[in-house]
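Here's a quick briefing to read alongside the coordinates. Have a look at the fold, then we'll go through the rings, a helix and the surface.

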Amino acid sequence: MSHPIISDLNRRYTAKSYDAEKRISQDDMAIIKQAIRLSASSINSQPWKFVIIESNEAKARFHNTFANKHQFNQPHAKAASHTILLAYDPMFTKEKFAKRVDAEVTSGHLPAEMYDMFMGAYAFAEANTDETGFNGHWTKAQVYIALGNLLHTLARLGIDSTPMEGVDAELIGKEFKDELDGHVCEVALAMGYHKDGEDYNHGLPKARLAMDDVITTL
Ligand SMILES: Cc1cc2nc3c(=O)[nH]c(=O)nc-3n(C[C@H](O)[C@H](O)[C@H](O)COP(=O)(O)O)c2cc1C
């Protein structure tokens with residue numbers, strides 16, 4: 001199959017070594033930021049925060065969060081052009097949802113008289129909230145939609161990336177406490193350009209299950 005979408009998705013891969021000299025342009029960063037912002041989420045909850053590690057100072061702080069574990073990902077902290085910390089809100093309240101519904105109305109997407117009806121959609125969040133107010137399983141699922149959207153966006157832009165669950169949520173939580181504002185980061189995405197000749201994962205064929213194993217058409 002030779003559709004551009006399929007070529008992009010075949011070409012994208014998980015980079016294992018970055019060229020620290022190569023930077024993502026600010027034009028591409030602007031596209032990436034808009035793509036994140038435009039990600040879909042259940043009931044348009046957008047229960048997330050994205051912290052972009054761009055400066056050398058921020059990279060050093062991120063590098064420090066690998067002190068205890070997942071050191072195999074640590075080189076990306078400094079060598080990748082940028083890393084995005086994708087964080088979910090573990091306590092997504094009705095008050096926070098109201099801010100999204102406000103945006104529904106001000107954007108012109110939702111007629112003002114339908115405000116209360118849209119607020120009723122918070123039932124989806126409630127159904128995923130425990131007695132302590134925790135709904136992180138549900139909000140984390142929304143964050144992964146943004147991750148998938150980002151992976152495809154980067155594929156189209158020809159920018160390499162590394163999704164990383166191999167990050168230390170606890171240390172990231174401490175180091176970036178102010179920026180995360182109560183959100184939890186359990187996955188990050190390093191982005192940039194692979195180092196020629198040093199990235200063992202570059203140029204290999206895709207390893208995926210057969211179509212029939214994963215897709216059933218009825
Ligand atoms: C949610 C998620 C977490 C991942 N965590 C890591 C990681 O911590 N380090 C790493 O090198 N690769 C990580 N990967 C990369 C996967 O191993 C990789 O996507 C998979 O083997 C498919 O290969 P491809 O991305 O090259 O197509 C992760 C991928 C995803 C989607």
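How many aromatic pairs does the count come to? The count comes to 7 aromatic pairs, where rings of Phe, Tyr and Trp (its six-membered ring) pair if their centres lie within 6.5 Å; planes under 30 degrees apart are stacked, over 60 edge-to-face and the rest tilted. Bear in mind that this is a predicted model: local features need pLDDT of at least 70, side-chain atom pairs count only at pLDDT 80 or more, and totals for chains, interfaces and linings use all residues. Residues are numbered from 1 along each chain as its sequence is written, and side-chain values use heavy atoms, with hydrogens and water left out.

**Aromatic rings**
- Phe62 and Phe66 are an edge-to-face pair, because their ring centres are 5.1 Å apart and their planes sit at 70°.
- Phe62 is buried at 0% relative accessible area, and Phe66 is buried at 1% (buried is under 20%, exposed over 50%, partly exposed in between, with a 1.4 Å probe and protein chains only).
- Phe97 and Phe118 have ring centres 6.0 Å apart and planes at 25°, so that pair is stacked.
- That pair links distant parts of the chain, with Phe97 in helix α5 and Phe118 in helix α6 (residues 115–119), 21 residues apart; helices are DSSP runs of H or I with at least four residues, strands are E runs of at least two, and both are numbered from the N terminus.

**Around Ala98**
- Ala98 is in helix α5 (residues 94–106) and counts as buried at 18% relative accessible area.
- Leaving out residues up to four places away in sequence, Ala98 touches Tyr115 and Met119 (contact means heavy atoms within 4.5 Å).
- The C-alpha atoms of Ala98 and Thr153, 55 residues apart along the chain, are 29 Å from each other.

**Surface**
- Met211 lies in helix α11 (residues 211–214) and is exposed, with 59% relative accessibility.

**Whole chain**
- The protein chain has 11 helices and 4 strands.
- Along the principal axes, the C-alpha trace of the protein chain spans about 60 × 50 × 35 Å.
- Of the 218 residues, 42% count as buried.
- Among contacts with a separation of 6 or more, 80% come from residues 24 or more positions apart.
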